[in-house]
Amino acid sequence: MKIYTRLLIVSLVVIGLSCSDDSTGPGGDSPGQLTMKVTGDIVAEKSGQVDFWSLSPGGEEGSLHIWHISSNDLSPQTFSLDFTHMSPDPITRPGTGTYAINAGVPAKPWEDPGPVEFSATYTHIENGNFAGAVEYSTFMCNDKFPSGGSLTITSSSAEVVKGTFQFTAHHADVNPETMECELYGTIQVEGSFEAPERVPLF
């Protein structure tokens with residue numbers, strides 16, 4: 001059941017990315033900057049634009065509030081990176097401090113939200129080939145193949161959030177025949193960011 005819960009969470013995040021009314025994607029009028037080093041299955045030094053943004057369900061009972069730091073490069077796009085915090089309660093912008101990166105499964109609506117925690121998802125896109133993209137995350141099959149790290153916010157204001165991060169993520173999925181998690185690869189990621197707030201569409 002934990003596996004299916006996390007699959008549902010991924011779907012919710014994707015819906016949020018495509019349907020948010022208050023976003024343009026990373027890099028509005030003044031795109032931020034993220035740099036990182038990737039080792040393991042992928043060995044690379046990457047940089048790209050980055051911003052932070054939130055999605056609220058508008059008072060719908062049982063819906064999740066989501067707060068993101070999102071990054072990607074361009075021309076061609078070779079990666080995307082997303083840090084996601086989810087909660088049944090409204091989310092305020094996290095202040096300075098160090099936060100755990102793990103499966104990031106939100107509390108149920110009747111539970112105490114607990115501490116702010118993030119999941120991390122790194123998508124490897126070979127020369128803009130989205131059809132062959134490979135996703136490494138800290139939430140998929142985390143109970144069988146533990147992963148994670150930490151996100152440290154060194155400065156936090158309404159205009160910009162700055163910090164550093166380090167985490168291990170797996171390319172893992174459920175085998176449809178056995179319904180068991182299988183591990184296909186692992187990466188380690190570390191870097192820093194300076195993320196402005198996402199610029200509204202209107």
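**Close-up 1. The Cys 141–Cys 181 disulfide in this predicted model.** Both partners, Cys 141 and Cys 181, are buried. Their sulfur atoms sit 2.1 Å apart, S to S, and this is the one disulfide the structure holds. It ties together distant parts of the chain: Cys 141 belongs to the loop between S7 and S8, while Cys 181 is in strand S10 (residues 181-196), 40 residues away. The torsion about the S-S bond is about -85°, so we're looking at a left-handed disulfide. As a reminder, a disulfide is a covalent bond between the sulfur atoms of two cysteines.

**Close-up 2. Phe 139, in the loop between strands S7 and S8.** The loop runs between S7 (134-137) and S8 (148-156). Phe 139 has a relative accessibility of 8%, and since buried means under 20%, it counts as buried.

Close-up 3. Ser 150 comes in at 18% relative accessibility, so it still counts as buried.

**Close-up 4. Strand S5 and its pairings with S8 and S6.** S5 covers residues 97-101 and runs antiparallel to S8, with five bridges joining the two. In that pairing, Tyr 99 stands opposite Leu 151. With S6 (residues 117-124), S5 runs parallel, and two bridges join them. Here Ala 100 has Glu 117 as its bridge partner. In a regular strand, side chains alternate between the two faces of the sheet.

**Close-up 5. Phe 165 and its aromatic pairs with Phe 83 and Phe 193.** The structure counts eight aromatic pairs. In one of them, Phe 83 and Phe 165 are tilted, at 5.1 Å centre to centre with 55° between the planes. That pair links distant parts of the chain, with Phe 83 in strand S4 (residues 79-87) and Phe 165 in strand S9 (residues 160-174), 82 residues apart. Phe 83 is buried at 1% relative accessibility, and Phe 165 is buried at 4%. Phe 165 also pairs with Phe 193, this time stacked, at 6.3 Å centre to centre and 25° between the planes. Phe 193 is in strand S10, 28 residues from Phe 165, and Phe 193 is buried as well.

**Close-up 6. An aromatic cluster that includes Tyr 99.** Phe 52, Trp 67, Tyr 99 and Phe 118 make up one cluster.

Conventions: Residues numbered from 1 in each chain as written. Predicted model: local features only at pLDDT ≥ 70, side-chain atom pairs only at ≥ 80, totals over all residues. Heavy atoms only, no water. Helix = DSSP H or I, 4+ residues; strand = E, 2+ residues; numbered from the N terminus. Buried < 20%, exposed > 50% of the residue type's maximum accessible area, 1.4 Å probe, protein only. Pairing = 2+ DSSP bridges. Disulfide = S-S within 2.5 Å. Phe/Tyr/Trp six-rings, centres within 6.5 Å; stacked < 30°, edge-to-face > 60°.
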